[in-house]
Amino acid sequence: LTFSRRQPLQWRSVNINSMVQGLKRMLSRSMGPAITLMIETDPKVPAILTDPGTLQSSLMNLVLNARDAMPKGGTITLNTATVEVFGEGAASADLVPGRYVVITVTDSGIGMDATTLSRVTEPFFTTKRPGMGTGLGLSIVHGFATQSGGRLNIQSQPGLGTRVRLLLPATRPELAPPQNTPSVIPVSYTHLTLPTSDLV
């Protein structure tokens, strides 16, 4: 159901910044002494309509993936922001023009080459050792983002770490939740994309 984007979601108004701060308390104990988890939240980020349980598990998955990509330690940065997505072109964005909340997880780990990066959202594909991962995490996050009318965007380069952005529509709590996945139209959000050389 998750991979076909039909998982049942329980829509609620969620304060993203509060959830992210809560995750820091939950995840810090699993980071180990060699890893630093930094939280940067934008106070202007609005509450959004989403499934809180699925969003929380998605963010935990992204942070734990970042941890596993840094066997020698490093820094994970989790931040929130709001962006406007508009214009024509960049059909690969698969987003409806509008306002989005962006949750970004950046690590200073080993990074991925282009071939690996192209497959990371495939169900059961994993780069981890046997017994260390199922290959389902990013597939589920990708399905959740798409079903929510958002997008999962991943940038990575060997030796330069990985940056994962989860974009979700910013909606006022009083609005009814979406009943279907929004239509896909070409938009431009080039201002969201950072060169891979900027990864840390």
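**A guided reading of the predicted model**

Ser57 lies in helix H2; helices (H or I, at least four residues) and strands (E, at least two) are DSSP runs, numbered from the N terminus. The model is a predicted one, in which local features need pLDDT of at least 70 and side-chain atom pairs count only at pLDDT 80 or more, while totals for chains, interfaces and linings use all residues. Residues are numbered from 1 along each chain as its sequence is written, and side-chain values use heavy atoms, with hydrogens and water left out.

Ser57 has a relative accessibility of 39% and counts as partly exposed, because that class falls between buried (under 20% relative accessible area) and exposed (over 50%), with a 1.4 Å probe and protein chains only. Ser57 and Ile140 are 83 residues apart in sequence, and their C-alpha atoms are 9.7 Å apart in space.

The protein chain as a whole contains four helices and seven strands. Read from the N terminus, its elements follow the order β-α-β-β-α-β-β-α-α-β-β. Of the 200 residues in the protein chain, 43% are buried. Contact here means heavy atoms within 4.5 Å; among contacts between residues at least 6 apart in sequence, 78% join residues at least 24 apart. The protein chain exposes about 10300 Å², of which carbon and sulfur atoms supply 55%; accessible areas come from the Shrake-Rupley method with a 1.4 Å probe, and for residues only the protein chains shown count as cover.

The sheet comes next. Five strands form an open sheet with mixed pairing, in the order E2-E4-E5-E7-E6. Its edge strands are E2 and E6 (151–156), each of which pairs on one side only. Two strands pair if DSSP finds at least two bridges between them. On average, neighbouring strands of this sheet are turned by 20 degrees against each other, direction ignored; axes are lines fitted to C-alpha atoms, for helices over the stretch in contact, and angles run from 0 to 180 degrees between N-to-C directions.

Strand E2 (residues 35–40) runs parallel to strand E4 (residues 74–85), and six bridges join the two. On to the next pairing: E4 and strand E5 (residues 98–107) are antiparallel and share 10 bridges, with Asp107 in E5 as the bridge partner of Ile76.

Helices accompany these strands. Helix H1 (residues 16–31) lies across E2, E4 and E5, and runs at about 175 degrees to E2. Helix H2 (residues 52–68) packs on the sheet, touching E2, E4, E5 and strand E7 (162–169), and its direction makes about 35 degrees with that of E5.

The structure holds one salt bridge, that is, a side-chain nitrogen of Lys or Arg within 4 Å of a carboxyl oxygen of Asp or Glu. It links the side chains of Arg67 and Asp68 at 3.0 Å, N to O. Arg67 is partly exposed at 24% relative accessible area, and Asp68 is partly exposed at 32%.

Finally, confidence is expressed as pLDDT, the predictor's confidence in each residue, from 0 to 100. The protein chain has a mean pLDDT of 76, and 70% of its residues reach 70 or more. Among its elements, helix H3 (residues 114–117) has the lowest mean pLDDT (78) and E7 the highest (93). Over residues 1–5 the pLDDT is below 50, and this stretch has 13 contacts in the model beyond near neighbours in sequence.
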